[in-house]
Amino acid sequence: MGENLTSTVPRAALAAVTLLFLVPAFASAASFAGVYEIRSGGKVIGAEKFEIDMDEDGAYVVKSSGTVKDESVDQSAVNDYTELAVKAGGVFRDYQREVYVDRLPRKLAMVYDGFRFLVKLNTGEASLERKIEGPASAAVVDAGVFSHFGALVHRAVMQKILGKSIPVVVPSEMVETTAYVDDRGDDTAALAGGNFAARRYFIDLDTYGVSAWADGSGRLIRIEIPATGAVAELQGYKGTTREAPAPRRVPSTVETGEASFQGGEGIAGTPRPMLKALVRRPRGDHPDLPAVLFLSDTGGQDARGVDFVTGLDTLTGALCDKIAESGFVVMSYADRGVGGSQGDLAQSALSVLEADASRALDNLLAQPGVDAARVALVGHGEGGNVALRLAAKRPEIAAVIVLAPSPVSLTELALEQARRRLAAMGQRDDPDAMTDHPVAIAIRRAREGDEEFTVIGGRPVYLDLYRQWDKLNPAADLAAAKAPVLHVTMEKDQQIFDGMAAPLVKAGEKKGGYAHKRFDGLDHFLVRGRGRIAGYSDPDRALDDDAVGFLVRWLRENAGA
């Protein structure tokens, strides 16, 4: 399997941290220098010293040197040195990078031959070479160097290409992609030394997003990578101070209370955990109300829809609020091991998820003010598949909405997602890349053996989870559901890819009470945008009002009357 430079450096510091740079023809010379303190998960893990020098003719040099530490791996420090040079007029010249892990160097060099970028990587054990297609004007992006985000923002502003596609080359990963820089207006940058006036930008790097704050000269003073919690702050900054912004207060017609219930049966020998839930209802005194149980997607999310690994808001909490505002009691609950719930998320196979959902339904039916004859399920992603299974066994369920459920077995879906991610990383033609992918290894071991657990990449994996994924038959589950079903798909979904749902739609058309709705321009979380994973980190993202309105109307017609 091919090796890339970033695989030698701590994930928290590199996998999410990106630099993009290629120079526009600046009107005048400019120079920036400074030191970024780098934090991950709230802890200081290193620093990066940088220099950016721009000449009047558009020539450009960016240098950086950094040291990061990672307590999760057996190494004291990773030392990283980079230098990018661009000729007059913004034409790429060359790029050099050296990363030292335990004093052992990994060296990368990239040049442009007039037609394509030529990348050479020496890992100390092997030498790799790859040609990357792209114009000489492509921005150069390399993971783990915060300082070059500033160069990308400068380019977008000076060339008046804010919000437009910028071709990008990522040397360390040996791939090409595109980036967007969006101007989000005047804002306040919160630094260790106070709050400062700044201009905020959102940088869309396809697979992750970056928020960056620039001072009046264009120098970036704060950079955030929400997907990993990585933050870089310019040390010793002195600028125009501001008062901290007041928290936004949004009037709500919904009151929220907490609840807890004992989950279903888990794997043999494990106790049934207590799970934490939120119950939303319209404010004021109301007669018995229709109710909705919300079931979340794959991965650990708390009752508000916040992912416990990345801290990203899936906006499902906002969706539950909207449904409650329309006159429903809505319950959502935290996955096992997340958000105050007990249990082990890694052991949450489909049977466990279904058992927990059934116990949550019991609790919802027992809530005061709930009309037991008007209870619906809304499931998102894997939660949609669980909702279909539950609807076949619980006749009291009046209606079901499934938002982007897997239309195939979850193992088939996971493999397709892995294939597409590898293709995006330039490893489409590398057979070892797919064979050695952790998901492929787990599925292979689940199919070939009978052991309960295995270890992959130093982490325990519960194989029965994959065996149950393998047996999932969404078409059969849909056919068995006793309630009316609204099946929702999104054009720009990057988890359930557009077109994949066709077999499930075909099966649904044979079932009475089935309806399919496809929302153009929306992503997996009902957000309108470019349909790139980077958008999940956009702090300004919001649910599409038309989509939410459609869902609420369907619920009223099928479970609210």
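Student: Leaving aside neighbours within four places in sequence, which residues is G531 in contact with?
Tutor: This is a predicted model, where local features need pLDDT of at least 70, side-chain atom pairs count only at pLDDT 80 or more, and totals for chains, interfaces and linings use all residues. Residues are numbered from 1 along each chain as its sequence is written, and side-chain values use heavy atoms, with hydrogens and water left out. Contact means heavy atoms within 4.5 Å. On that basis, the partners of G531 are K492 and Q494.

Student: Is G531 buried or exposed?
Tutor: G531 sits in the loop between β26 and α12 (545-560). Strands (E, at least two residues) and helices (H or I, at least four) are DSSP runs, numbered from the N terminus. Buried means under 20% relative accessible area, exposed over 50%, partly exposed in between (1.4 Å probe, protein chains only). At a relative accessible area of 12%, G531 is buried.

Student: How far apart are the C-alpha atoms of G531 and E491?
Tutor: Along the chain, the two residues are 40 residues apart. Their C-alpha separation is 8.3 Å.

Student: Which strands stand at the edges of the open sheet of 8 strands?
Tutor: Read the order: β17-β18-β20-β19-β21-β22-β25-β26, with mixed pairing. Two strands pair if DSSP finds at least two bridges between them. Each edge strand has a single partner, so one side is left without a neighbour in the sheet. The edges are β17 (254-262) and β26 (514-519).

Student: Which residue in β25 stands opposite I401?
Tutor: Strands β22 (residues 397-403) and β25 (residues 485-490) pair in the parallel sense over 4 bridges. Opposite I401 stands L486.
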